[in-house]
Structure formats: structure tokens, C-alpha cells
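The sequence and the model come next.

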Amino acid sequence: MARTPVRRLIEKGIEAGADYIPDAFEVPLRKAFNMDVPKPKATKPKTSLAVTPKALPAPPKPLALPAPGPGLPPFAVKTKGGQWFADKSIGGRKASDLGVKVAQLPDDGRWVVLNDRTPIIFAREDEARAKAQSLVDEANPNRSPENAARRIADNSLRLARDASGPLSQLQDWFLRAAPRYIKNEMGTPDDPMRALAERGALHVEMSPEEWSDTASSVISRRPIGTYLGIDQLYAPEGADPRAGYDFGASLAVNMPWLKKAPVTDELYGISDTYALQDKMGMGHLLDEMRNAMDPRSGLPSDLAVRPESLGRMGLAQAAERVGLINQFRAKEMERAALSNLDSPVTHVFKDYADDNPMGLKWVEMAPPKTDGPTNYDVEEELRKALDYEGNTMGHCVGGYCPDVMEGRSRIFSLRDAKGQPHVTIETRPGRQDRAYSDAIAQLRGTEHWPVWLEHQNTRRDNPGSTQDLIDYMNQFRQSQGLEPVGMDIPNDIVQIKGKQNRAPKDDYLPFVQDFVKSGQWGNVGDLGNTGLVKLPDGRYITPAQVEEALSSANWNDDTRQHVRDRIVGNDFNNSPEIWDDLSQYFEGFAVGGRVSADRCFSKGKSAVYAVNKSRK
């Protein structure tokens, strides 16, 4: 076909509009005019309305932290060291701030502790001042290891004899060594005392588990924030604790470094000094360390301790030494048991004929009561008897021979049929000023009382010695036609100890209770080791008897609990009229009462019980 101008014009139009003419029209036109047909056009992808997400920036690389260490073993309480209560009374409240005062009553010479609650009356000045100090201490607790060490040293060494003078060095050593061990090692994974228990070489009979469990109960631990009363992770420098939280405020003042520490850190303290002293055997450790320093104790030279070597000895080393002393005493006990059965200085004090499968009896180790000559050395025999008691029981009574010889102490022992001791009791002569107080108490409420008050005014400014007071009282009693005051004061029970200065086992408590109840004693120390409660009229009964008496009263539970607390706490000194109303419920409980046994002694809880047949 000829390409006329019109044709060429049409071809150019097709080429120019190719992009705009649909393929369905363009292809037939090209074929009609014999034009080249182009290849099919590529299909364009459909445009999507979705937004393509952009890649997020890579997370920052975490800081390189040290790998966490292994967790504490189950028996451990803490790691080494830590933050402890400072050796300060937290609270800062003095006796004057609390309204606590100690004064002597002008009419009868007794002492009264005045406070913001109820006045408390005591027969002796030292008891009144000790109570006043306890009230101050309650308001200002000191939970430091140093304070616990002082209390243990005071309790363990205040009754000790010190003829050779090592007690001051021993006390100084303990006040350094005990806090160091408590702060750095007690209750940690590497506790050396637990390691000794694992080897059976500890100073006290405790398994490793028992030692760790007791350490956990002795150490208190709480986050610092709970003490200060703040909730921030860190306390800004100079910040004050929450207003109105007195203990926290006092803590921040006395231990200002706490405000700079993370509040999640723990603050450690001593929560149970009694368990540390008795259950963990720190009192026994001090007893035997004193024996090891005393050349009169009879310990072999390889177990002795020189005072100058104390500075190089840690508490765990001392515990190991005492463990060796315990082993020595056990061997001595076996050797001496038979020889002491017929000791001429061991006298039966009280026997129990019935229901007594172990053949238990109380014996006293004392010089013979006759002044005549003997065919043996009294002091030597007494020393051997006391050594046997001390070696067997694991305490320091072996050094008491001079005191027993001179009448300053009496030593009683609960022995079985084989001569084995199980409980040791020490008594001492009572204070003579008690005769004066008792004589005044006898005058109260009689026709002689007004005369005595008038007569006493002449000596109020110059009371004189105890003997002067007794003489003065007897002059007055003679003028009134009364019998003179005697000086036969009952002995005080000073100590009641089981093995290694612990409380006696449950099996022997009925015999201890009978000893206390059936004797004419003054004050009874270690009453907590007897399982008895002292009534205001001087009788001792068991908690079960308290419950029996209270059950007969028609009271509600709250009243019964209140009365029970006051009886157990001996809280009637200042309100005898209340006791007069209550005493009717306690009539008929005998002062003594025999001891009986149910079949035999059990290995667990005691099957022995006290039988009182004097109930009305």
C-alpha cells in the first residue's frame, strides 16, 4: 500500500498516541495500516495503600555485669560482715525523760521504782535500781553485738570467784572476740563454730543444724528502709526520716550513715541474747576459759590457757579448746564415778523412796558437821567431790572448794543410783538486812506501828550499818515487850544448772521443783530453770496449778489472761490488796509435795510429774 501523505499522517498519529490508546484499538489499527505491532507492555504493579514499616533502631548493648555468685546454702543466714547496729542505746531517752526514779520508803526501808505507770516496790536497793535500768533500756534498746557481749560477760562472771585475778583479762578478751565473731562469721557459710559442730568438737552439745538454726534466731535482719520509715531507693544526704517515727528518727541521729545507704540493704542486730548465752553456750565457754586460766582448777597443762595468749585466740579457737576440756571431763567422770559413791563429804539431803526408778536423790557436798577429828583430809576430799561434779556437769563448780569450806556457798547435786549428777544447785547466805525489812513488815498494821514511825524519825538521817539497824530495831522491840530480831536468815538459791550451764532437762524438773518448794529459801535465782511461778505470798507453784486455780474463778477470757500475766510476772508488789482478793483461788496448794513417776523416764518429753496430795 502506497504511503500517501494522509497515511503517513495517520501512522505518526498512531505512534504519538501509542501510550494513550488502549491495546484493543491500537493493535487492529497497526495491522490495518501494515505497521509493526509492538511487544506487549509490562504490567505495572498495583500501588498499595499500606505504609512499609521502617526498621527500629537496635536496642542498646547491655552493660557488662559480673556473673552472679552462688546463693547462700540453706543453713546460712548472711554473708560475711554486713551493717550492724552501733553500740548505742537507740532512743536517747534518760530516766528523767521517762519519769523513772528510785526512792526509799521512809517508813519501812523498802525501795520503790516510780515511773509513768504503776510504782513497783522492792525489798532491796539493787533490785530496784536494776528494774529502773531495765525500764530505761526498754525505751532505748541496744541491739549491738558489743552490748550482747557485755551482758553475757556480766551474767557469767559476776558470780565467779577471782582469787588469782584473771577475770579482767578474760572479760576484756571476750568483749573483743565475741563481737568480732558475731559480725564477721556467725551464721555465714564459713561459720567456724558450725565446722566444729560437724567434727563433734564444739564447746556445747549441738548439731550443725541446731547451731545454724539458733544463729538464725539470734540475728535480727531487716531492710534499712523499714527502720528509717522511708520508701525511696536512696535517701538523699541530709534527709530526715518520716515524721513521727521516733525509733527511726533516733536511729538516724545515732547512726547517720544509714541515710546514705540503700534502703534495701539489711541492718543486722542481736535479737536474743539469752539464746546466745545459754543455748549457744557462751556462758559455759566463759566458765571453762576461766578454769583453763586458773591453776587451781586441776586441768592438765595442755588444756591450760595463759592470760598473755588470749590476744592471739579467736572465739572459735576458744570454743575448740573448751570442747577438748569437755572431753577431758567426760573421761574424768567415768574414772571418778565409782570413787565418789562413798565420798565422806557427800551427804544425802533428800531422798525419794517411792516411784523413783532412777534412784534420784539430792546430795550436798559439804564438810562433816562434827568438829571432831577425821581420818581423811576434809578439804582434799571436798575438792575431789566438787571436781567430779564440775567435770561431769561441764561447769565451774570445781573451783568452789574454798567458798564451801568457809560457808560462803552450799552445793547440792541431783544424783542417780549410779552416782551420776544431773542438776547442780548453789545457795548462799541471805542478806542480813532482810531481817530488818522482815521485822518492819511484822510491825505493819499492829498497835506498835505508829510508835515505830515516830521512833524511827530520830535515825532517818543516819541509819548506820546493817548491824546498827538490827540493834536499833531490837531496842525498840524490847521496849514494846517483843522478841528480838534473829539473824538466822534463810539461804538464797543463786544458781540452778543442768549440764554445761543449760536449764535442767524436763525429766528432772519435778525434783528441782520439789527442792525449791520444800526448802526454806530466800530469793530463788534461775527461777526460769525450774518451771515454777512465785506467788506474792512466797509459795512456788507450777503453771498447771496456776491454770487450775484460775479455772475455778468465774471470769471471762480477758480477765483470766490479765490475772495470769500478773501472776507469772510477779506483778503484785505494789498492789497487795488485789492479791488479797485473788489468794482465795490459790488456797490449798502445799508448799512441798512429793515427786512421783509414771512408769519410767521417757526419751522425749518427761513422763515424770509432781503429785500434790495436799489439795483441799
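Does Lys-497 count as buried or exposed, and at what relative accessibility? Lys-497 counts as buried, at 14% relative accessibility. Here buried means under 20% relative accessible area, exposed means over 50%, and partly exposed lies in between, with a 1.4 Å probe and protein chains only.

The model is predicted: local features need pLDDT of at least 70, side-chain atom pairs count only at pLDDT 80 or more, and totals for chains, interfaces and linings use all residues. Residues are numbered from 1 along each chain as its sequence is written, and side-chain values use heavy atoms, with hydrogens and water left out.

**Salt bridges**

A salt bridge is a side-chain nitrogen of Lys or Arg within 4 Å of a carboxyl oxygen of Asp or Glu. By this rule there are 21 salt bridges. The table gives three of them.

| Pair | N to O distance |
|---|---|
| Lys-384 and Glu-381 | 3.3 Å |
| Arg-428 and Glu-426 | 3.0 Å |
| Lys-497 and Asp-526 | 3.1 Å |

The pair of Lys-497 and Asp-526 links distant parts of the chain, 29 residues apart. Lys-497 is in strand 11 (residues 492–497), and Asp-526 is in the loop between helix 19 (509–518) and strand 12 (533–534). Helices (H or I, at least four residues) and strands (E, at least two) are DSSP runs, numbered from the N terminus. Asp-526 is partly exposed, with a relative accessible area of 27%. A network of salt bridges with shared partners joins Glu-380, Arg-383 and Asp-387.

Lys-384 and Glu-381 both belong to helix 14 (residues 378–393), where they are 3 residues apart, about one turn of the helix. Lys-384 is partly exposed at 39% relative accessible area, whereas Glu-381 is buried at 19%. In the remaining pair of the table, Arg-428 and Glu-426 are both buried.

An open sheet of 3 strands has the order 2-3-4 and antiparallel pairing; two strands pair if DSSP finds at least two bridges between them. Strand 2 (101–104) and strand 4 (120–122) each have a single partner strand and stand at the edges, so one side of each is left without a neighbour in the sheet. From one strand to the next the twist averages 25°.

Strand 3 (residues 111–114) is joined to strand 4 by 3 bridges, and the two run antiparallel. Trp-111 has Phe-122 in strand 4 as its bridge partner. Helix 4 (residues 125–139) lies across strand 2, strand 3 and strand 4, at about 10° to strand 3. Axes are lines fitted to C-alpha atoms, for helices over the stretch in contact, and angles run from 0 to 180 degrees between N-to-C directions.

**Helix 20 and helix 21**

The axes of helix 20 (residues 543–551) and helix 21 (residues 557–568) come within 11 Å and cross at roughly 140°. In contact (heavy atoms within 4.5 Å), Val-546, Glu-547, Leu-550 and Ser-551 of helix 20 meet Arg-560, Val-563, Arg-564 and Ile-567 of helix 21. The residues of this contact divide into 4 nonpolar, 1 polar and 3 charged. Ala, Val, Leu, Ile, Met, Phe, Trp, Tyr, Cys and Pro count as nonpolar, Asp, Glu, Lys and Arg as charged, and the others, Gly among them, as polar.

**Ala-249**

Ala-249 is in helix 10 (residues 246–254) and is partly exposed, with a relative accessible area of 32%.
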